[in-house]
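Work through the exercises below with the model open. Try each task before reading its solution.

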Amino acid sequence: MSQNRSATWQNFFRLLVTAAANADLYNLQHPQVSHLVEKALKLIQSLMDADTRIDIMLIDQNIILDKNPLPETLHTIRFVDALKHRGIEHLSLRGEINQAELLQLILLLAKRQQPPQSPQNSTNLRFGSIDMSRTVQGEGATRISQTSTESDLLHCERDRLAEICTGASKNRSLSVTGLKEIVIHFLQALDQELDPLLAIFPLHQQDQYSFTHSTNVCLLTLAHARRLGLKGPLLHDIGIAALLHDIGKLFLPVDIINKPGKPNDEEWQMIRLHPVRGAEYLIGTTGVPQLAVVTAYEHHMKYDLTGYPTVRKNWQQHLCSHMTTIADIFDALRTKRSYREAMDASKVRNMLSDLAGQELHPELCSSFLQMIDEVATSLP
Ligand SMILES: [Fe+2]
Ligand SMILES: [Fe+2]
C-alpha cells in the first residue's frame, strides 16, 4: 500500500474515533459528529473508488487492510479496542458506504452510546469475528455480546469526568449536562442486576488528579442515598455534588497533586484550601446545583467540625456532605498512596466504625457500612 493511501486510511480511522468521542461528549446527532462523518465519508469514497470491497481485520492491536498492517496510532488502537470490545474482529466495507452506515460504525466505537443489540449488517458494511463460524451474517446471526463489566462503567465515567473537568480547568465552562449524564448512567447501573459497587472493591492505585476517586465517591454516595430512600431531583443533585466534591483540587499546583511523598506543612496548607476553592468555582458556574457548592465546601468538615474549613460551633452540615465524607474516606483508604499501602475492606470498615459519632455522622455511617457489608458478602 502506498504511503499516501496508508495515511488516508489512518485519517479515516482518526475521523471515526474522533466522531465517536464527540458522540460521547454530546450525542450522535451533534453537528460536530455530522461534520466529522461527512469528512470521513469523502475519504472512504475516495479510497473505495479503487476497490469495490475491502476487508479489515483486527488482529492484536493492529488494523490489517487487505493483508497490509496499518501503522499503529492512538486512533487505530482505540478503533481496534472499541470494536473488539463489541466482539468484532472483522469488517467488510463494500461499494459506497453511506452516512447512516458510518454512523452505525461510530455507534459501536462510542463508549457511552447504547449500542444496538448486535451490530447490524447492511449493504456496504458487514461485521464478523475472525473465526468465521462466529461471523455475523444478517438475520439469525450469532449475537455478539454487548455486556459491559462493572469496571467498564467506572472507567468510562472516569474518562468522561476527566474530559469535563480538564476542559473546565482550561477556563471553559463546566458541562453540567455531561455531569448529569454520568449520574444517570450510575443510577441506571444501580437499577440493573449487576451490582456496580463490586467494582469499587479492588484496591486501587492513586492516579494523578484522581478522577477515579471522584467517580467512586459518586457511585458510593448515590447507592447510599438510594438506600436511604432519596430519589428524584435531590438524588441527581447528590450525585453531581459527590462527583464534584474535590473539584477545588484542580486549582492546586500540579506538583502538589502529583507529589510522590507526603505533603509538607506548606503544601498541606494549600491542600486544605481546596474545599473553599471548589465552592468558589462552583458558585460561579451556571447550572451547577447549590448542593454541589455546599458539599465541596463541607466535605472535610467532619461530624464534630474538627476538620476544615473552620466554621462556627453550631454549623449544620448538609446530609449530602456527611454522605460524601463517608464515601470519600472509604475510597481514600482503599487507595494505595506512595506513603502508605491500600487497606483491605475489613480494616477500612473497622476504621469507619471507630470514627462514627465523632468524625462521621453515626446513623449515616452505620447505613453506609451495612451497604458495604452486603456488597462484601456478594463478592465472588
Ligand atoms: Fe477533598
Ligand atoms: Fe475526596
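This is a predicted model: local features need pLDDT of at least 70, side-chain atom pairs count only at pLDDT 80 or more; totals for chains, interfaces and linings use all residues.

Residues are numbered from 1 along each chain as its sequence is written, and chains are lettered from A and ligands numbered from 1 in the order in which they are written.

**Exercise 1. The chain as a whole**

Find how many helices and strands the protein chain has.

Solution. Take helices (H or I, at least four residues) and strands (E, at least two) as DSSP runs, numbered from the N terminus. The protein chain has 15 helices and seven strands. Next, burial: of its 380 residues, 35% are buried.

**Exercise 2. Ile77**

Decide whether Ile77 is buried, exposed or partly exposed.

Solution. First, locate the residue: Ile77 sits in helix H3 (residues 74–85). Next, apply the cut-offs: a residue is buried if 20 or more other C-beta atoms lie within 10 Å of its own, exposed if 12 or fewer, and partly exposed in between, with C-beta atoms placed from the backbone. Ile77 has 15 C-beta neighbours inside 10 Å, so it counts as partly exposed. Then list its contacts (C-beta atoms, placed from the backbone, within 7 Å). Leaving out residues up to four places away in sequence, Ile77 touches Gln61 and Glu72.

**Exercise 3. The largest nonpolar core**

Identify which residues of the largest nonpolar core touch the most other members.

Solution. A nonpolar core is a set of buried Ala, Val, Leu, Ile, Met, Phe, Trp, Tyr and Cys residues joined through C-beta atoms within 7 Å. The largest holds 48 residues, and Leu222, Leu243, Leu282, Ala292 and Ile326 touch the most other members. Helices that each supply at least two residues include H5 (150–169), H8 (232–243) and H13 (319–334). H7 gives the most, with eight residues. Another core, of 36 residues, lies apart from it; Trp9 and Leu125 are among its members.

**Exercise 4. H8 against H13**

Work out how the axes of H8 and H13 cross.

Solution. Axes are lines fitted to C-alpha atoms, for helices over the stretch in contact, and angles run from 0 to 180 degrees between N-to-C directions. The two axes come within 10 Å and cross at roughly 50 degrees. That makes H8 oblique to H13, since angles under 35 degrees count as roughly parallel, over 145 as roughly antiparallel, 65 to 115 as roughly perpendicular and the rest as oblique. Finally, name the contact residues: Ile238, Ala241 and Ala242 of H8, with Cys320, Thr324 and Ala327 of H13.

Methods
Two residues are in contact if their C-beta atoms, placed from the backbone, lie within 7 Å.
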